[in-house]
Amino acid sequence: MSDVPVLKVTDLHVTYGSGAARHHAVRGVDLELAAGRILAVVGESGSGKSTVANAVLGLLPDGARRTEGTVEVDGIELTALRERALRRLRGDVVGFVPQDPSRSLNPVLRIGEQIAEALRRHTGASRANAASRAIEILDEVGIPDPERRARQYPHELSGGLRQRVLIGIAWACTPQIVVADEPTSALDVTVQRHVLDRMESLRAAHGTAVLLITHDLAVAADRADDIVVMQQGIIVESGPAAEVLAAPQHEYTRALVAAAPGLHSARLRPRAEVTAVTADASGTPLLSARGLVKTYPGDGGSGAVHAVTGVDLEIRRRETFSIVGESGSGKSTTARMIARIIDADSGEIRFDGEELSAMEGERLRRFRRYIQVVFQNPVGSLDPRMSVEKLVTEPLRAGGTMSRRQRAATAAELLDQVRLGPEHLERRPAQLSGGQAQRVAIARALAVRPELLVLDEPVSALDVSVQEQVLQLLVDLQAEHGLTYLFISHDLAVVRQISDSIAVMSQGAIVERGPAAQVLEAPGTAYTRELISAIPGAAVTA
Amino acid sequence: MRRLLNPVALLSVLVLAVTLVAVIWPALLAPYDPFDSVGTARLEPPSWDHLFGTDALARDVFSRVVHGARLSLLAAVLATTAGAVLGALIGLVSGAAGGRVDFAVMRVVDVMLAIPGILLALIVVASLGFGAVSIAIGVGLGATGSFARVMRAQVMRVRNEEYIEAARTMGLRRPTILLRHVLPNASKPIVAMASTELALAILAVSALSFLGFGAQPPTPEWGSLVSDGRQFIATAPWLSIMPGSVILVVVLAVNGVARNLGGNR
């Protein structure tokens, strides 16, 4: 039976827009998926992988048109169906797990009702039957205390639990195929693992075929039977997961495998041509923090949020000090206190012997040039109305004005440092890719020759191959300019590539710290061990 | 490209182009002198010679409407500009300061919004004296409240953007951040709103001059032209209907363009 594919996509072409703005997003994709198998479609943003998922659901976004090709689900040709029949097909035969669990549930309906709604619409179950089946489903996807949860609203559930609810809805009518579009990209690693485990067990229990769309090669490696690699709308490589990863044929796949942080473990070294500044051996730390505390007052009855509950840390000169933790662990709050973006409730921060935490007003403003920040969302941290030239030289305005020619020369020089050509000077943030925008943000941070760079999740919004390039750039720049980094990340695989020292945060406190090798190779706490084992890609490195 | 092919927008642009000519160079469109009688033909109905007919003093109404465009439209543009600039400034300060300043300023704005715009304009005209400029100030003040509200909301949105935080960590001064980053990024909706407000302002200015607060005779002005025709409404209705229709068409045209501006950003 398993030889007959439940999903068959043949020569699929999809275009967006029309006329000159026409964009050919998918160009001739063929897929086959048999019952009980997991097929991962891997690619970077813009590769067309999500468009393929939409086409399989018969839900192409506005402006997108299927120009050629067929999609057959369970022997039925989708393109011949009318909207009504398609709607019945979705849910009955094809289930869907969306990317963002926080936006995909109706906020004013109770969890149980939302599952029951799907059941009643597709199976014609009675109200009472649907309600009790909904609770069973919640139990099946591993939500503790399902009776109580069924009566709760989406905002009362964490992201991980919400994604499990959505998985429950996708499987509610025991469909033959489930399409999961980046189902765990918005989740913490440990939660990601539980959610994916749950999908796999449902797959095994019901013999469902799963089409898993992901940018994360490591996730695909761990979970998929077969992998399809897409680039610019074309499948460049496909085959059994183990083969594709062990012996990638196409150069793009090879680049992806090499870049995936979960799949190798070494710390990046500065490239050979980079001339490193000789390290000074002074033993005093560049920055030290003692007893940092930050509490956000709760709104109404929810009570205060203890974001950071007493953090001490010391960052030595020219090292990369990383803080890892899951969302809500207080790592970003700590970094923002150190960068003096927000004020600590109590505690002391000393920078190069001076008491940074006591500075105010003009003195603080002048001092800011020693500590610069690179934010997570590269495009969001750049003023959309300014050209790159103005953006990178803006910090220098704080020191005084300069002539137009001087500014252009400085800007070109700064761009050169982050390996961007002068042709980018006139562009605006919207005309840059994520990686280019982050390079511009780094160039801007370097403009005032800071000593400490606070890097708040600087690569988590980027595609893996770009991630790797930006990390390499950071390592090179560190050697070239003798910079000190405070690196914040939720991704241990990335942290492993760049850190000298690591502090692991959980619930507002540092639970473990030490040299990178020690924390990663011989973790001292159960929490750190769980974080490390949750890094996807273990299937390959093992 | 599609925006240009939209027939409503195209027609609106055409109407406004003609109106603009009337404002800049009325003699090009008007066949007669707006102040002098064109013979003895009093209260004549529209004809090819006199498109909008003639009034009680045998003046060509079409010429008077064309010459009236300058005063009516300049007053409306002045009103909208004043309202937008003042409102944006209030909104910027209020949104950027936050806390008690914001609270106090917004209560004043609430009071301004509670009073109907036309009433506020009447109060201003009554205290400043009659004339197009005081009408403009009055109407502008009436629109200030809504501009302030929109600007404040925008400033509060932009203030939380990451690039504002980035600007702070660069060590830029607060006023620099406000003027270079917050203001330009917050003022887009103000521009879109100003174009819709312009249509309302043309109506308000005309209404006030209809009531006799505007330019005094014999200066032609749209609202007062409509008003002039009132006494002959039974015998020579075109005296009011023609200028009234012109106001309607121009307002619709401004709206048509404004809607397309808003829809395309």
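**Salt bridges, a sheet and an interface**

Let's begin with charged side chains: over all chains, the structure holds 35 salt bridges. Keep in mind that the model is a predicted one.

One of these salt bridges joins the side chains of R37(A) and D226(A), with 3.1 Å from N to O. R37(A) sits in the loop between strand 2 (23-34) and strand 3 (38-42) of chain A, while D226(A) belongs to strand 9 (residues 226-231) of chain A. The two are 189 residues apart, and the pair links distant parts of the chain. How accessible is R37(A)? Its relative accessibility is 35%, so R37(A) counts as partly exposed.

Further along chain A, R317(A) and D352(A) form another salt bridge, in which the closest N and O atoms are 2.7 Å apart. Here both partners lie in loops: R317(A) in the one between strand 12 (305-315) and strand 13 (320-324), D352(A) in the one between strand 14 (346-351) and strand 15 (354-355) of chain A.

Now turn to chain B, where the side chains of R152(B) and D102(B) meet in a salt bridge of 2.6 Å, N to O. This time the partners come from helices: R152(B) from helix 6 (residues 132-159) and D102(B) from helix 4 (residues 99-114) of chain B, 50 residues apart. Are these two residues buried or exposed? Buried means under 20% relative accessible area. R152(B), at 17% relative accessibility, therefore counts as buried, and D102(B) is buried as well, with a relative accessible area of 8%.

Salt bridges can also be joined into a network. In chain A, one such network links D197(A), E200(A), R203(A), R223(A) and D225(A).

Next, look at how the strands of chain A are arranged. Strands of a sheet pair through backbone hydrogen bonds, in either a parallel or an antiparallel way. In chain A, 4 strands form an open sheet with antiparallel pairing, in the order 2-1-4-5. Strand 2 and strand 5 (76-77) are the edge strands, each pairing on one side only. Within the sheet, strand 1 (residues 5-16) and strand 4 (residues 64-73) run antiparallel and are joined by 8 bridges. To find your place there, look for H13(A), which stands opposite E68(A) in strand 4 of chain A.

Finally, let's see where the two chains meet. In chain B, 16 residues are in contact with 24 residues of chain A. About 1,900 Å² is buried between chain B and chain A, and carbon and sulfur atoms give 49% of that area. Which kinds of polar link cross this interface? There are 3 salt bridges across the interface, and 12 residue pairs are in polar contact. On the side of chain B that touches chain A, the elements giving two or more residues are helix 7 (162-169) and helix 8 (174-186) of chain B. Helix 7 of chain B gives the most to this side, with 6 residues. Sorted by class, this side of chain B has 5 nonpolar, 5 polar and 6 charged residues. One more salt bridge to look for joins the chains: the side chains of R180(B) and E394(A) meet at 3.2 Å, N to O.

Notes:
Residues numbered from 1 in each chain as written. Chains lettered and ligands numbered in written order. Predicted model: local features only at pLDDT ≥ 70, side-chain atom pairs only at ≥ 80, totals over all residues. Heavy atoms only, no water. Salt bridge = Lys/Arg side-chain N within 4 Å of Asp/Glu carboxyl O. Buried < 20%, exposed > 50% of the residue type's maximum accessible area, 1.4 Å probe, protein only. Contact = heavy atoms within 4.5 Å. Buried area = accessible area lost by both parts, 1.4 Å probe. Polar contact = N/O pair within 3.5 Å; in protein donor to acceptor, adjacent residues only side chain to side chain. Nonpolar A, V, L, I, M, F, W, Y, C, P; charged D, E, K, R; others polar. Pairing = 2+ DSSP bridges.
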